[in-house]
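Trainee: I am new to this one; could we go through it together?

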Amino acid sequence: MSDQKKMFRGTFLLTAATFTTQILGMLYLIPFYSIMGGEENLALYGYAYTPYTIMLSIAAAGVPGAVSKFVAKYNALGAYETSQKLYKSSLLVMMVSGVIAFLALYFMAPVIAEAQSAASGSGDHRWSTEDITSIIRVISFAVIIVPFMSTWRGIFQGHESFGPTSVSSVVEQVLRIAVLLSGAFIVINVMDGSIKTANEIAVFAAFVGAVGATVTLAIFWRKRKPFMAEQRKQDTSGIDLSYSQMYKEIIRYGLPFIIVSMSIPVVLFIDQMTHNNALSLAGVPGSLQDSWFGMLNLTTHKLVMIPTAFASAFAITILPFITKNYQQKLFDNVHSQVKSMILMLLFFVIPAGLGMMILSAPIYTAFYSYNEIGIMILTFYAPVSIIISLFSVTCSIVQGIDKQNLTFYVVIIMLIIKAAVNIPLIMNFYTVGAVMGTAIALGAGVIMNLIIIKKHGKIRFRAFIAPIFQIIVCALAMLLTVEVVYYLLMMNIDEMTTVTSVLTLLITVPAGVIVYLFISFKTGLADEVLGERAGKIRRKVKFL
């Protein structure tokens, strides 16, 4: 199978899995929101997840991505012995790293909670320092196993095998949601327990999900072991790196992966540390601050991350292929793969992000309840998903062309911009200001990444202009259709309820999708982006 076909297959598998997990991660919020009783009660859940995600990035130390890159590189050179030697030891290192990170987060929980409370400013807040400390300690148990699990996925990906990552991620999400919903329901409705206890059960579900994913990977590993052993016998490269040499290379690869994996969580943490304080300075009552923060960091964020599912899949898939071709100095292949990935990403993400912006009212109401503030935040946040997606994929490309050292400077500058603009923007635009700060900071990061890719990857971006323009035109035609249909429906709907919102989405979303696909196939855009797959789709769907 050619690299291009493997890349498309891997992208399809990961996109399908990521979409499944994202959809499940969005759908569970409907019953969870109902069980917990609103954004303010969900805020505690959000306070736990951001420090957990940051500690997870530190615990993994960029090893999963670095291992994927290392294995892909040395497999390309035929040094199968070296790649196997590395990943066996890396799993042991990640087990130790997970335990150390768990202890660090567990004992640092009071400090983090105190800093969060201090950043919240004055006012009547729903959650105390002790509440935040307790829930951070509960979620810290997941840090023990997740770095090990993630590194195992990286090993499979380095071998250009994306099925194990896809299946294990779905298993992880299903188990997590099952424990989260059943646990929260039993605590509140059967045991008559507290909202705090229900939140603690909900975050502990991350540990259960990770265990399920690890067992799934072990099953795949058992099946793939004979193939790995056969590969090892074919090693005639003569390359034999010591552990010291290997881990120097892993550290060189890993540090940028840490920085990139931490970038979005740190952006959210900056919001967490500045949001309530900036609202206090703007005169917003403390009773509203937790609720608005819950909308920013949980309810709207969960929805916005659906379009970015494409980016997650593409970033993981593209890395081993670009690494291999770059190492073999096949720059035309690198250009072709970068072009395919970016255009395919934008082909899906631009209409999804803009469509979510137009339909923010029925989307937010369908999944939660009608809330003017939540709808307004989602309206501004939805198109930012395009920038988040581009940032993720361009960072992966920069690492694939072996310029990962420059990623450090890109992310640091991006975070400095976010920290500098956040409080002034929140004071002037309230919670929407935090979204604006994220868009500005990540937009700057994307521009810097594209400059690096053009200079060092020999990518000819002029070839991207025409298809990107076509994607935008098709997306605007889709938006016009959706807007007209939505307007006609609103003329006949008296009140925005969950039922009317769902009905609105069932009519407007298919209308938009059909128009977008019809125009993109008739203009040849789909052929440009999807290649031979467009022809297969056209043969199956006659009207295209």
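Predicted model: local features only at pLDDT ≥ 70, side-chain atom pairs only at ≥ 80, totals over all residues.

Trainee: How are α7 and α8 oriented to each other?

Mentor: Start with the axes of helix α7 (residues 146–158) and helix α8 (residues 163–190), which come within 9 Å and cross at roughly 155 degrees. Angles over 145 degrees count as roughly antiparallel. So α7 and α8 are roughly antiparallel.

Trainee: Which residues of α7 make the contact with α8?

Mentor: On the α8 side, the contact is made by Pro164, Thr165, Ser168, Ser169 and Glu172. Counting both helices, the contact residues divide into 3 nonpolar, 4 polar and 2 charged. The α7 side consists of Met149, Arg153, Phe156 and Gln157.

Trainee: Now the rings. What kind of aromatic pair do Tyr106 and Phe107 form?

Mentor: The centres of Tyr106 and Phe107 are 5.3 Å apart, with 80 degrees between the planes. Planes over 60 degrees apart count as edge-to-face. The pair of Tyr106 and Phe107 is therefore edge-to-face.

Trainee: How many residues apart in sequence are the parts tied together by Tyr106 and Phe141?

Mentor: The ring centres of Tyr106 and Phe141 are 6.4 Å apart. Tyr106 lies in helix α5 (residues 80–119), while Phe141 is in the loop between α6 (129–139) and α7. The pair therefore ties together parts that are 35 residues apart in sequence.

Trainee: Which residue lies over the face of Tyr106?

Mentor: Tyr106 is partly exposed, at 26% relative accessibility. At 4.7 Å from its ring centre, the residue over the face is Arg137.

Conventions. Residues numbered from 1 in each chain as written. Heavy atoms only, no water. Axes fitted to C-alpha atoms, helices over the stretch in contact; angles between N-to-C directions. Helix = DSSP H or I, 4+ residues; strand = E, 2+ residues; numbered from the N terminus. Parallel < 35°, antiparallel > 145°, perpendicular 65-115°, else oblique. Contact = heavy atoms within 4.5 Å. Nonpolar A, V, L, I, M, F, W, Y, C, P; charged D, E, K, R; others polar. Phe/Tyr/Trp six-rings, centres within 6.5 Å; stacked < 30°, edge-to-face > 60°. Buried < 20%, exposed > 50% of the residue type's maximum accessible area, 1.4 Å probe, protein only. Lys NZ or Arg CZ within 6 Å of the ring centre and 35° of its normal.
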